[in-house]
Amino acid sequence: MPFSSIVTGPKASFLTAASGTDMRKAMFWDRIANKYAADPIEDIAGYEATLKRVQDFLSDDQDVLEIGCGTGTTALRLAPLTHRWLATDLSTKMIAIAREKLAAQPTPQLSFEVADADAPVFGSGVFDALMAFNLLHLVSDLDHALQLAVQALRPGGLLISKTPCIAELNPLIPRLALPLMRAIGKAPHVLSFHADRLQSAISEQGMEILSVERHGTRGKDMRVFIVARKLGKVHVQQKGVLLPFKTGRSPL
């Protein structure tokens with residue numbers, strides 16, 4: 001798998017008033033938005049396996065937030081299975097492309113907004129599930145971004161993520177190749193960690209890990225798929241009860 005696809009496979013985060021770092025991130029993803037939208041999914045079988053697995057956790061009474069949605073391909077596939085799906089990305093150009101897709105494929109449950117995962121803009125206890133696909137290695141601070149994500153969830157809400165664990169690659173990539181690519185403007189800021197570090201970070205936010213899986217079908221898969229549930233009393237409102245979960249692994 002080319003390293004460039006690992007770095008640019010995901011997108012940005014949530015919108016804030018815009019620090020210098022935020023502006024640089026937004027500019028990077030705006031610059032590559034058209035190319036990103038045109039590039040094919042490399043491991044389509046692995047992507048489809050992930051979509052199928054996510055469907056096990058969705059229901060038509062859920063309010064879902066997706067962070068780092070890019071150009072909206074995944075949101076358009078999954079939103080019809082939910083009550084409401086708010087898909088967000090730091091890049092205004094990514095969101096513009098996503099809205100064009102939505103206009104061509106109307107989906108009443110779905111809306112796209114510019115927002116940054118590093119900023120507290122979604123309130124507390126608003127969503128039943130939060131999706132972070134190919135994003136958590138791109139945030140400025142992993143623990144802070146996870147804290148904001150968990151805050152946005154209702155008690156019993158689900159965090160569903162798929163994340164490239166850069167530290168599982170050849171050490172020369174995060175130490176040499178990535179800094180060089182950033183220096184010449186070919187890569188964004190990227191965090192380097194193993195899957196164990198990500199699991200620990202999620203657990204430290206008061207989440208119960210339900211499942212840890214790998215869905216790749218092409219060689220070693222460094223993209224870990226994690227489903228976690230927010231601990232705490234589930235208040236039965238109009239939403240009903242918590243959706244049952246499945247713990248079996250998806251086939252590779």
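Modeller: The structure holds 13 salt bridges. Keep in mind that this is a predicted model.

Colleague: Take aspartate 116. Which residue does it form a salt bridge with?
Modeller: Its partner is lysine 25. The closest N and O atoms are 3.8 Å apart.

Colleague: What does that pair tie together?
Modeller: Aspartate 116 lies in the loop between β3 (110-114) and β4 (127-133), and lysine 25 lies in helix α2 (residues 20-38), so the pair links parts 91 residues apart in sequence.

Colleague: Are aspartate 116 and lysine 25 buried or exposed?
Modeller: Lysine 25 is buried, and aspartate 116 is too.

Colleague: Next one. What does aspartate 63 meet in a salt bridge?
Modeller: The side chain of arginine 154, at 3.5 Å from N to O. Aspartate 63 sits in strand β1 (residues 63-67) and arginine 154 in strand β5 (residues 153-164), so this pair ties together parts that are 91 residues apart in sequence.

Colleague: And are those two buried or exposed?
Modeller: Aspartate 63 and arginine 154 are both buried.

Colleague: What about arginine 197? Which side chain does it meet?
Modeller: Arginine 197 forms a salt bridge with aspartate 143, 3.2 Å from N to O. Arginine 197 belongs to helix α8 (residues 195-203) and aspartate 143 to helix α6 (residues 142-151), so parts 54 residues apart in sequence are tied together.

Colleague: Let's switch to strands. How many residues of β5 are buried?
Modeller: 11 of its 12 residues are buried, so β5 is mostly covered.

Colleague: In which sense do β4 and β5 pair, parallel or antiparallel?
Modeller: Parallel, over 6 bridges. Phenylalanine 133, for instance, has lysine 162 in β5 as its bridge partner.

Colleague: How does the chain get from β4 to β5?
Modeller: The chain goes through α6. This β-α-β crossover is right-handed.

Colleague: What about β5 and β7, parallel or antiparallel?
Modeller: Antiparallel. There are 7 bridges between β5 and strand β7 (residues 223-230). Isoleucine 160 stands opposite valine 227 in β7.

Colleague: And the side chains along a strand, where do they go?
Modeller: In a regular strand they alternate between the two faces of the sheet.

Colleague: New topic. What is phi of asparagine 134?
Modeller: Near 55°, which is positive in a residue other than glycine.

Colleague: Why point that out?
Modeller: Because most residues other than glycine have a negative phi.

Colleague: Where is asparagine 134?
Modeller: In the loop between β4 and α6. Asparagine 134 has 17% relative accessibility, so it counts as buried.

Colleague: Last thing. What is the average pLDDT of the protein chain?
Modeller: The average is 85, and 83% of the residues score at least 70.

Colleague: Where does pLDDT stay under 50?
Modeller: One stretch is residues 1-18, for which the model has 81 contacts beyond four places in sequence. Another is residues 235-252, with 37 such contacts.

Technical notes:
Residues are numbered from 1 along each chain as its sequence is written. This is a predicted model: local features need pLDDT of at least 70, side-chain atom pairs count only at pLDDT 80 or more; totals for chains, interfaces and linings use all residues. Side-chain values use heavy atoms; hydrogens and water are left out. pLDDT is the predictor's confidence in each residue, from 0 to 100. Contact means heavy atoms within 4.5 Å. A salt bridge is a side-chain nitrogen of Lys or Arg within 4 Å of a carboxyl oxygen of Asp or Glu. Helices (H or I, at least four residues) and strands (E, at least two) are DSSP runs, numbered from the N terminus. Buried means under 20% relative accessible area, exposed over 50%, partly exposed in between (1.4 Å probe, protein chains only). Two strands pair if DSSP finds at least two bridges between them. A crossover is right-handed if, with the strands pointing away from the viewer, the path from the first strand over the helix to the second runs clockwise.
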